[in-house]
Amino acid sequence: MNIQFKKGVLNLCVLVLLDKQDRYGYELVQKISDQISISEGSVYPLLRRLTKEGYFTTYLQESTEGPPRKYYKLTELGRAYLHEQLNEWKSFTNGVNNLIEEGARND
């Protein structure tokens, strides 16, 4: 898949996954990787940036499988940002889909 496509939607994917439940970094990587081929290294800088911008808070939770895990929790500011991003995504994808359909009709 085009790397620019992935970079553009990774932000939205992380926000959506954190909307319903808190998750740790590697868990986010795995969930996204189930649908989109990404590198683990692309998610952690994004998590740091979004945390710094106030969209997430973090906390440590003990794990039975090793050291404590850092969990990310969506803040109210993050939830508002998610809804903005979803609206922009819907508008963008509708526009692209309309162009694709128009192009297909002209063939």
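The legends below describe close-up views of a predicted model.

Local features were taken at pLDDT of at least 70 and side-chain atom pairs at pLDDT 80 or more, while totals for chains, interfaces and linings use all residues of this predicted model. Residues are numbered from 1 along each chain as its sequence is written, and side-chain values use heavy atoms, with hydrogens and water left out.

**View 1. The packing of helix H1 against helix H2.**
Helix H1 spans residues 3–20 and helix H2 spans residues 25–33; helices (H or I, at least four residues) and strands (E, at least two) are DSSP runs, numbered from the N terminus. The two helices pack at an angle of about 115°, and their axes are 11 Å apart, where axes are lines fitted to C-alpha atoms, for helices over the stretch in contact, and angles run from 0 to 180 degrees between N-to-C directions. H1 and H2 are therefore roughly perpendicular to each other, in a scheme that counts angles under 35 degrees as roughly parallel, over 145 as roughly antiparallel, 65 to 115 as roughly perpendicular and the rest as oblique. The crossing of H1 with H2 is right-handed; a crossing has this hand if the near helix is turned clockwise from the far one by less than a right angle, and is left-handed if anticlockwise. On the H1 side the contact (heavy atoms within 4.5 Å) is made by Leu10, Cys13, Val14, Leu17 and Leu18, and on the H2 side by Leu28, Lys31 and Ile32. Sorted by class, the contact of H1 with H2 holds 7 nonpolar, no polar and 1 charged residues, with Ala, Val, Leu, Ile, Met, Phe, Trp, Tyr, Cys and Pro taken as nonpolar, Asp, Glu, Lys and Arg as charged, and the others, Gly among them, as polar.

**View 2. The packing of helix H2 against helix H3.**
The axes of H2 and H3 come within 10 Å and cross at roughly 120°, and that makes H2 oblique to H3. This crossing of H2 and H3 is right-handed. Gly25, Tyr26, Leu28 and Val29 of H2 meet Val43, Tyr44 and Leu47 of H3, and the residues of this contact of H2 with H3 divide into 6 nonpolar, 1 polar and no charged.

**View 3. The packing of helix H1 against helix H4.**
H1 and H4 pack at an angle of about 130°, with 10 Å between their axes, and that makes H1 oblique to H4. The crossing of H1 and H4 is left-handed. From H1, the residues Val9, Asn11, Leu12, Leu15, Val16 and Asp19 meet Gly78, Arg79, Tyr81, Leu82, Gln85, Leu86 and Trp89 from H4. By class, this contact of H1 with H4 has 8 nonpolar, 3 polar and 2 charged residues.

**View 4. The largest nonpolar core and Phe56.**
A nonpolar core is a set of buried Ala, Val, Leu, Ile, Met, Phe, Trp, Tyr and Cys residues joined through side-chain atoms within 4.5 Å, and buried means under 20% relative accessible area, exposed over 50%, and partly exposed in between (1.4 Å probe, protein chains only). The largest such core has 22 residues, of which Val14, Leu18, Ile32, Leu47 and Phe56 touch the most other members. At least two residues of this core come from each of H1, H2, helix H3 (43–52), strand S3 (66–74) and helix H4 (76–105), and the largest share, 7 residues, comes from H1. Leaving aside neighbours within four places in sequence, the contacts of Phe56 include Val14, Leu15, Leu18, Leu47, Leu50 and Tyr72.

**View 5. Leu28 and the buried residues of helix H2.**
Gly25, Glu27, Leu28, Val29 and Ile32 are buried in H2, and what covers the buried residues of this helix includes H1, strand S1 (23–24), H3 and S3. Leu28 counts as buried at 0% relative accessibility. Not counting residues up to four places away in sequence, Leu28 touches Val14, Leu17, Leu18, Arg23 and Leu47. The C-alpha atoms of Leu28 and Tyr72 are separated by 9.7 Å, although these residues are 44 residues apart along the chain.

Asp22 is found in the loop between H1 and S1 and is partly exposed, with a relative accessible area of 23%. Not counting residues up to four places away in sequence, Asp22 touches Glu27, Tyr59, Tyr71, Tyr72 and Lys73. Ser37 has its place in the loop between H2 and H3 and counts as exposed at 58% relative accessibility.
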